[in-house]
Amino acid sequence: MLKELLRDHELIEVGVEAKDWKDAVKHGVEVLANEDFVEIKYADSIIESTLTNGPYYVIAPGLALPHSSAEDGVKKIGLSIITLKEPVEFNHENDPVDILITLSAKDRNTHLEMMTELVNILIQEDFMDNMRKCKSKEEIREMFLKD
Amino acid sequence: MLKILCVCGNGMGTSTILKVSIKSIMNKLGVKAEVESCSAGEAMSFMPQTDIVITTPEWSKMINVPSNVALVTATNLIDAKNVETLLVDTIKEKFPEKLK
């Protein structure tokens with residue numbers, strides 16, 4: 001499912017310029033919105049939730065998985081992957097963050113399949129470091145598509 | 001059967017990631033485990049059926065864990081080796097009979 005998603009849609013951006021974490025979240029949502037996975041207001045919902053609950057989705061050094069609960073502008077299940085030109089601070093132990101994988105999920109069961117694939121890719125040794133070396137979205141896409 | 005509960009803010013993103021990686025770790029270790037995920041708000045209702053709670057630093061402070069339930073806090077959720085070590089240490093300490 002993840003592979004089809006990344007093959008059939010433009011969901012990856014490399015070297016995105018963001019002035020702070022909010023800006024980075026907006027860029028991640030924009031990529032999803034351009035492919036009609038979410039409405040642009042989904043960014044506000046993520047930012048609001050972050051201000052209330054903290055940036056708990058910064059799940060590894062340099063990696064954030066911004067998301068929010070379903071009703072706030074999500075149209076269909078998907079994710080976008082952006083790497084930042086300059087890292088930003090989320091005020092989290094895993095700062096600074098330079099990779100954002102923004103999730104749009106309808107409910108926890110439908111996206112389990114996508115998350116399973118994503119985690120199994122991310123936990124490969126050196127995957128994140130190799131991702132940071134990618135200079136084009138095609139290189140990143142290939143990393144995710146190969147087995 | 002060891003019952004593991006993964007907890008995060010809305011029970012969708014972070015806890016699902018933990019659930020997926022823990023299932024594969026338990027398989028590898030050959031430990032029979034039931035792995036569930038939920039939001040911090042739902043966590044209390046799961047406690048009677050839980051042996052180990054695993055979550056991130058933000059939520060570990062906010063969840064009241066009964067004394068018979070072990071609490072594991074992980075900062076890097078995609079570092080499988082680290083999560084494995086944390087879990088194995090906890091199982092050895094609290095549920096040694098489950099590790100054969």
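Which are the buried residues of H2(A)? Here are some notes on that and on a few other spots.

1. First, the ground rules. This is a predicted model, in which local features need pLDDT of at least 70 and side-chain atom pairs count only at pLDDT 80 or more, while totals for chains, interfaces and linings use all residues. Residues are numbered from 1 along each chain as its sequence is written, chains are lettered from A and ligands numbered from 1 in the order in which they are written, and side-chain values use heavy atoms, with hydrogens and water left out.

2. To the opening question: Trp21(A), Asp23(A), Ala24(A), Val25(A), Gly28(A), Val29(A), Val31(A), Leu32(A) and Ala33(A) are the buried residues of H2(A). Buried means under 20% relative accessible area, exposed over 50%, and partly exposed in between, with a 1.4 Å probe and protein chains only. Their cover includes strands E1 (12-16), E4 (78-88) and E5 (97-104) and helix H3 (42-53) of chain A. Helices (H or I, at least four residues) and strands (E, at least two) are DSSP runs, numbered from the N terminus; contact means heavy atoms within 4.5 Å.

3. Now the ends of H2(A). At its start, a side-chain oxygen of Asp20(A) comes to within 3.3 Å of the backbone nitrogen of Lys22(A). After the helix comes Asp36(A), with a positive phi near 65°.

4. Asn94(A) deserves a look. This residue sits in the loop between E4 and E5 of chain A and is buried, at a relative accessible area of 5%. Its side chain reaches the backbone oxygen of Thr75(B) at 3.0 Å. Leaving aside residues up to four places away in sequence, Asn94(A) touches Val58(A), Ile59(A), Ala60(A), Pro61(A), Gly62(A) and Thr75(B).

5. Between the chains, helix H4 (residues 112-122) of chain A meets helix H1 (residues 14-29) of chain B, their axes coming within 9 Å and crossing at roughly 65°. Axes are lines fitted to C-alpha atoms, for helices over the stretch in contact, and angles run from 0 to 180 degrees between N-to-C directions. H4(A) contributes Leu112(A), Met115(A), Thr116(A), Val119(A) and Asn120(A), and H1(B) contributes Thr16(B), Ile17(B), Val20(B) and Ser21(B).

6. Within chain B, H1(B) also packs with helix H4 (residues 80-94) at about 60°, the axes being 10 Å apart. On the H1(B) side the contact is made by Ile22(B), Ile25(B), Met26(B), Lys28(B) and Leu29(B). The partners from H4(B) include Ala80(B), Val83(B) and Glu84(B).

How values were computed:
A polar contact is a pair of N or O atoms within 3.5 Å; within protein, one must be able to donate a hydrogen and the other to accept it, and residues adjacent in sequence count only if both atoms are side-chain atoms.
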